[in-house]
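Subject: Structure for your reading

Dear colleague,

Please find below the structure that I am handing over to you. My notes on what was found in it follow directly after.

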Amino acid sequence: MLNEIREAVLRGDLDAARRATADALADGIAPGEILNDALIAAMDVVGEEYESGIRFIPEMLISAEAMKSAMTVLRPVLAEAGIEPRGRIVLGTVEGDLHDIGKDLVGMMLEGAGFEVIDLGVEVAAERFVDAVREHRPNLVGMSALLTTTMVYMPEVIRALEDAGLRDSVRVIIGGAPVTAEYADEIGADGYAEDAAGAVRLATRLIGGRGSGKGEG
Ligand code: B12
């Protein structure tokens, strides 16, 4: 059944991906297993095939759409656990970067863990992060980047927060395939996580016991 989902994502078959995911859930397969062993596993294959020239951008895109289609079924189940917001996060993929599957997953898992998520979408410029922090007073800012050429934008966002006098009011967390813990240290972010489950642990640790849904500043 997981194989069916993987195949549907690889083929870029939106309906089949959604249907197979619903069937797997109905069969009692854990949502985390569907996510990791079928959906993310399929996207890894997509990435490898793109790298080796077997797959091209339109096919990568249609597989991404199939994954998103499957995620519409998975999202409510992953978010089911959420009750009181225990913290608020402003989340976005940085300027120049269109990849949003990982960011969406992080957002979904955080929602599931009880965080309020303000998702700014993709290609988010530093000023938009700053405006959102002013407006929503989050505990955390989360940035995602999937390209080595866009991850270098992350320190610009941190600088913009500093310039606006907002840096001390939020914890900044970063992620995305090319990003590392060392890079987080280097640019003065407060944390890095390699996947969505890690993002939840990190966010929870960083807000400590004070998560009220209200920002600090
Ligand atoms: C799907 C995809 C696309 C789709 C994106 C669709 C979409 N709506 O997202 C499309 C077709 C648009 C695309 C375009 C391009 N792509 Co692309 N793409 C991918 C692919 C295959 C999968 C990415 C993905 O969704 N992975 C699954 C998710 C779940 O994983 P994730 O994003 O890493 O997220 C997890 C963690 O990183 C972490 N995380 C992510 N964000 C955050 C944030 C925080 C705060 C935290 C704590 C954690 C966290 O948690 C997530 C969940 O576990 C990857 C290959 C790969 N396997 O990574 C290439 C890849 C990222 N793309 C690549 C490239 C080169 C491109 C293009 C430049 C191609 C081109 N020549 O046009 C363009 C760039 C467009 C742009 N300006 O952004 C390269 C990047 C190389 C590099 N090192 O820079 C990759 C690695 C492919 C490759 N092997 O060459 N791409």
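A132 is buried, because its relative accessible area is 5%; buried means under 20% relative accessible area, exposed means over 50%, and partly exposed lies in between, with a 1.4 Å probe and protein chains only. This residue lies in helix α6. Setting aside neighbours within four places in sequence, A132 is in contact with V90, L120, R137 and P138, where contact means heavy atoms within 4.5 Å. A132 and R19 are 113 residues apart in sequence, and their C-alpha atoms are 36 Å apart in space.

Please note that this is a predicted model, in which local features need pLDDT of at least 70 and side-chain atom pairs count only at pLDDT 80 or more, while totals for chains, interfaces and linings use all residues. Residues are numbered from 1 along each chain as its sequence is written, and side-chain values use heavy atoms, with hydrogens and water left out.

The chain as a whole

The chain has nine helices and five strands. Helices (H or I, at least four residues) and strands (E, at least two) are DSSP runs, numbered from the N terminus. Read from the N terminus, the order is α-α-α-α-β-α-β-α-β-α-β-α-β-α.

How does the radius of gyration of the chain compare with that of a compact globule? For 217 residues a compact globule would have a value near 17 Å, and the chain agrees because it has 17 Å. The radius is taken over C-alpha atoms, and the globule rule is 2.2 Å times the number of residues to the power 0.38. Along its principal axes, the C-alpha trace spans about 50 × 40 × 25 Å.

Of the 217 residues, 48% are buried. Among contacts with a separation of 6 or more, 74% are between residues 24 or more positions apart. The accessible surface is about 10,400 Å², and carbon and sulfur atoms account for 51% of that surface. Accessible areas come from the Shrake-Rupley method with a 1.4 Å probe, and for residues only the protein chains shown count as cover.

The nonpolar cores

A nonpolar core is a set of buried Ala, Val, Leu, Ile, Met, Phe, Trp, Tyr and Cys residues joined through side-chain atoms within 4.5 Å. Which residues touch the most other members of the largest core? They are I5, I34, L39, M67, L110 and L140, in a core of 43 residues. Elements giving two or more residues to this core include α1 (2–11), α3 (31–51), β1 (87–93), α5 (101–112) and α9 (196–207). A second, separate core has 30 residues, among them M154, A160, L166 and V170.

L110 has contacts beyond its neighbours within four places in sequence, namely I89, F115, V117, A199, V200 and A203.

Individual residues

D104 is found in helix α5 and counts as buried because its relative accessibility is 15%. Not counting residues up to four places away in sequence, D104 touches K68, M71 and D119.

L2 belongs to helix α1 and is also buried, at 15% relative accessibility. With residues up to four places away left out, L2 touches I29, E33, I34, D37 and A38. L2 and I89 are 87 residues apart in sequence and 32 Å apart in space, C-alpha to C-alpha.

Although D131 and L161 are 30 residues apart in sequence, their C-alpha atoms are 9.5 Å apart.

Most residues other than glycine have a negative phi. E123, in the loop between β2 and α6 (126–136), has a positive phi of about 50° although it is not a glycine. R137, in the loop between α6 and β3 (140–144), has a positive phi near 45°. E123 is partly exposed at 39% relative accessibility, and R137 is partly exposed at 32%.

Yours sincerely
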